[in-house]
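Have a look at the model on the screen, and I'll walk you through a few spots.

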Amino acid sequence: EVGMPADYVNKLARMFQDIKVSEDLNQVFKEMHKHNKLALPADSVNIKILNAGAWSRSSEKVFVSLPTELEDLIPEVEDFYKRNHSGRKLHWHHLMSNGIITFKNEVGQYDLEVTTFQLAVLFAWNQRPREKISFENLKLATELPDAELRRTLWVRALTSVFLLVCQLHEQKRGKINLIGRLQLTTERMREEENEGIVQLRILRTQEAIIQIMKMRKRISNAQLQTELVEILKNMFLPQKKMIKEQIEWLIEHKYIKRDESDINTFIYMA
């Protein structure tokens, strides 16, 4: 009636429908996981399931390594969604995501509103808050392409300035919005950069496993993973899937083997 194209009206209707459906899904998901001991409580998560055709974001994908708390939550969300919508597939668009980090120090408590990229950068310091991290190690830790990481790094400096201002004014509470619109590189460049980072992560993981096995000769899977994280944490936190894949690769190539009486114990092969 107002002259808007029919396809535009249909897309807009689907977008509003997605918002309503997402609200309902969130309520059910939070209720189902209310008593589950997840690394990140379900109440602190807001899931948005968006139709790719309506929102026109199918090509805007940027690789990033999520903090463990979020990484462990993803399979829970996927399983929940598949049980309710069989035949559909979820694609995670972290470029569209954001969150709030609440932290305390000797001065007070503060909230930072950040993008997922900024979240990944800040969490790189989570295990080593007072240490220096090289740009190359930060790339390994976040898995962000070079250009995206450089655009995101300002969050670290701005956070420091924010805390300094709070301290000078003896401000016990504070909130700052660090979410900015990111300028994207081409998808092909991102894919090429990410492939290089992934291959370097694989190499570093294999080297660390061999280093541990040479020293221990025999080790349980749980102990191997603990020592592996300890060795690699200054570069990146290896994902569980990657650790498993590299262990299998080393077994296949006869660097290590499983104990015949205990499949969760590994033995070094010279």
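Let's start with helix α4, which is mostly covered: 7 of its 8 residues are buried, and buried means under 20% relative accessible area with a 1.4 Å probe, protein chains only. Those buried residues are Thr 116, Phe 117, Gln 118, Leu 119, Ala 120, Val 121 and Leu 122. When I say helix, I mean a DSSP run of H or I with at least four residues, while a strand is an E run of at least two, and both are numbered from the N terminus.

Quick housekeeping: this is a predicted model, so local features need pLDDT of at least 70 and side-chain atom pairs count only at pLDDT 80 or more, while totals for chains, interfaces and linings use all residues. Residues are numbered from 1 along each chain as its sequence is written, and side-chain values use heavy atoms, with hydrogens and water left out.

Now the sheet. It's an open one of 3 strands, in the order β1-β2-β3, with mixed pairing; two strands pair if DSSP finds at least two bridges between them. Why is one side of β1 and of β3 left without a neighbour in the sheet? Because β1 (98-104) and β3 (173-177) stand at the edges, each with a single partner strand. From one strand to the next, the twist averages 15°. Angles here run from 0 to 180 degrees between N-to-C directions, and the axes are lines fitted to C-alpha atoms, for helices over the stretch in contact.

Strand β2, residues 109-115, pairs with β3 in the parallel sense over 5 bridges. There you'll find Glu 113 standing opposite Asn 177 in β3. And back to α4, residues 116-123: this helix packs on the sheet, touching β1 and β2, and its direction makes about 125° with that of β2. Contact means heavy atoms within 4.5 Å.

Where do they sit? Glu 143 lies in the loop between α5 (135-142) and α6 (146-152), and Lys 254 in the loop between α10 (240-252) and β5 (256-259). Buried or exposed? Glu 143 counts as buried because its relative accessibility is 13%. Lys 254, at 59%, counts as exposed, which means over 50%.

That's my tour, so over to you.
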